[in-house]
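The following paragraphs walk through one structure, step by step. Please have the sequence and the model open while reading.

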Amino acid sequence: MAATKPNQGGASSVQVTDQKRDDEWSGLLVRVGRDRDRQAFERLFGHFAPLIRGFQFSRGGQSSAPEAADELVQEVMFRVWTKAPTYRPEKAAASTWVFTIMRNCRIDALRKSSRQPATDESLNVEDIWDDSQDEQPLVFLQQTRNQHAIAAGLESLPPEQSHVIEKAYVEGKSHSEISEELGLPLGTVKSRVRLALKKLQSTISR
Amino acid sequence: MIHHHPDNNLLLEYASGSLNWAHSLVVAAHIQLCPQCAAQLKLLNGVGGNLLASATPTPSLVCEEGDVFSKLMQRIDQQPETADTRCPDSDRGTRPVRDPIFASVPPVVRKLLADNPVLQWRRLSKGLKEARLKTGQSEREVSFHRIAPGSKVAEHDHRGREITMVLYGSFSDADGVYTPGDFLVREPGEVHRPTATQDQECLCLSVVEAPVALTGLIGKIVNPFLSIKPQ
Ligand SMILES: [Zn+2]
C-alpha cells in the first residue's frame with residue numbers, strides 16, 4: 001500500500017506500538033459511548049477527521065471537493081457520536097468500526113442524490129449494511145491481533161493485487177468499473193481480488 | 001445447513017459499498033443467516049478499517065480543524081439526546097406476520113415485510129406467485145416468489161444475472177437442492193427449471209437484472225406473464 005509505512009525489519013516493535021494505539025482509540029470510543037465524554041470525542045475527531053478526508057481525497061473526481069470532504073467528516077463523526085453506545089471493542093477495532101460508518105454515509109449520500117420518486121423507503125442503509133450482526137456466536141481471534149494480521153497481509157500483497165483492493169474500497173468501485181477503468185478483463189480483476197483475499201486469509205489463520 | 005454462498009468477489013463489493021442496493025439486499029439477507037459469511041464480512045470490513053487507518057491524513061482545507069469540530073458539536077447539542085442504544089431488533093418485525101412462510105426470515109426481510117404488510121401477489125403460472133418490490137431502480141427487479149408444493153417453474157433461461165435466496169421450504173433443479181439461506185447466482189444464458197419440494201411451499205427472494213426468457217413450448221404459453229418489466 002502506498003500510504004502505509006514500511007514494516008520490514010522492526011516488525012515486532014511496530015506491532016506493539018500499533019496495538020497500543022488501537023487500544024487507545026477503542027478506549028476513547030468506549031468513553032464517548034458510556035460517559036458521553038467530549039474530550040475523548042475531540043481526540044477521536046483529531047485522529048479520524050484527517051484520515052477520513054485523506055481516504056476521500058484518494059478517490060479523486062468531483063467528490064473530493066474540500067467542502068464535500070468536510071461535510072463527510074461531519075456526517076461520519078456525528079454518527080460516531082450517536083452510535084458510540086453500541087460500540088464493542090472486543091468485536092471490532094476502532095478504525096474498522098469507523099470505516100463501516102463512513103461506508104454507510106457514502107452509500108446514503110449516493111442514494112439520496114439518485115433517489116427516484118417510486119423508491120421503496122422501507123429499508124435504510126443500516127438495515128442492509130447492518131453491523132449489529134455480531135450477536136451471532138462466532139469464534140474469532142482477538143480483534144486487535146486480527147487487525148494487525150490484516151495490515152501485515154495487505155502490505156505483503158503484490159502491487160497489482162493491492163491496487164484493485166484499494167480501488168474497490170477507497171474509490172468505491174465495483175469490479176466491472178475497475179475492469180473498465182484499468183482496461184483489464186473482468187475475470188482478471190475478479191481473480192486478483194480472490195488471490196488477495198486468499199493471501200489475507202492465510203496471514204490471519206497463521 | 002447452507003451450502004451455497006455468495007462468492008468472495010460479491011462479498012467484497014458489498015463490504016466496500018460498491019454493490020448496488022438490490023444485490024446488497026440479498027447479500028445482507030444471506031449474511032444474517034450465515035455465520036461463515038458473517039465471519040468473512042468481518043475480515044472484509046477489517047480491510048476497509050486498515051485502509052482508513054493507513055490513509056494519508058489531510059487537514060481541513062476549508063477552515064480551521066477546530067471550527068469543523070465546533071460546528072459538529074453545535075449540531076450534536078441541537079440534537080435531542082437519543083443515544084443509539086436501541087436493541088437491534090426492537091423496531092423490527094414488531095407487527096406479527098401471520099403467514100408461517102414468513103416466520104423465520106432474516107431481519108432485513110422481516111423489516112421489509114413489516115413495512116409492506118400487503119404484498120401484491122400475482123399469479124405468474126400454475127403454482128408460481130410473485131410480489132414485486134418497488135426499489136426505484138430501472139435495471140433490476142426485486143421480488144418474492146412463492147412456489148406451491150411440488151410445483152415446477154416453467155423452464156427459463158436468463159438474459160441477465162439472477163440472484164435468488166431461499167427463505168422458506170426448498171426447491172431443486174438439475175444442479176441440486178436448495179434450502180433456506182442458500183444463495184444462487186444464475187448467469188445469463190443458464191437454463192434451469194426449479195421444482196419446489198413436495199411437502200412444503202417454497203419462498204424465495206430474488207433480483208433479476210434483465211427480462212427473463214422462457215424456452216420451449218410452455219415458454220411460448222407462459223412468456224407474456226413472465227416478461228419482467230421493471231416498475
Ligand atoms: Zn454464506
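This is a predicted model. A place to begin is the boundary between the two chains. The rule finds 4 salt bridges across the interface of chain A and chain B. In one salt bridge, A:Arg53 pairs with B:Glu65, and their closest N and O atoms are 2.7 Å apart.

Which elements of chain A supply the side that touches chain B? At least two residues each come from α2 (38–57), α3 (66–83), α4 (94–113), α5 (125–128), α6 (143–155), α7 (159–170), α8 (175–182) and α9 (186–204). The most is given by α2(A), with 13 residues. Sorted by kind, the residues of this side of chain A are 37 nonpolar, 21 polar and 20 charged.

How big is the interface as a whole? The size of an interface is often given as the accessible area lost when the parts come together. For chain A and chain B, about 6,800 Å² is buried between them, and 63% of that is on carbon and sulfur atoms. The contact involves 78 residues of chain A and 72 residues of chain B.

Chain A also carries an annotation from a record. An unreviewed UniProt entry places the feature "domain: RNA polymerase sigma factor 70 region 4 type" at residues 149–200 of chain A. In the model, the span of residues 149–200 of chain A is 81% helix and 0% strand.

Chain B is the next subject. Its secondary structure comes to 6 helices and 12 strands. Of the 231 residues in chain B, 54% are buried. Taking contacts in chain B between residues at least 6 apart in sequence, 66% join residues at least 24 apart.

One residue of chain B can be followed in detail. B:Asp173 lies in strand β6 of chain B, which covers residues 171–173. Is B:Asp173 buried or exposed? B:Asp173 counts as buried because its relative accessibility is 12%, and the cut-off for buried is under 20%. A polar atom of the B:Asp173 side chain lies 2.8 Å from the backbone nitrogen of B:Asp175. When neighbours within four places in sequence are left aside, B:Asp173 is in contact with B:Tyr178, B:Arg186, B:His192, B:Arg193 and B:Pro194.

Key
Residues numbered from 1 in each chain as written. Chains lettered and ligands numbered in written order. Predicted model: local features only at pLDDT ≥ 70, side-chain atom pairs only at ≥ 80, totals over all residues. Heavy atoms only, no water. Contact = heavy atoms within 4.5 Å. Buried area = accessible area lost by both parts, 1.4 Å probe. Salt bridge = Lys/Arg side-chain N within 4 Å of Asp/Glu carboxyl O. Helix = DSSP H or I, 4+ residues; strand = E, 2+ residues; numbered from the N terminus. Nonpolar A, V, L, I, M, F, W, Y, C, P; charged D, E, K, R; others polar. Buried < 20%, exposed > 50% of the residue type's maximum accessible area, 1.4 Å probe, protein only. Polar contact = N/O pair within 3.5 Å; in protein donor to acceptor, adjacent residues only side chain to side chain. UniProt positions renumbered as here; feature names shortened; annotations may be inferred.
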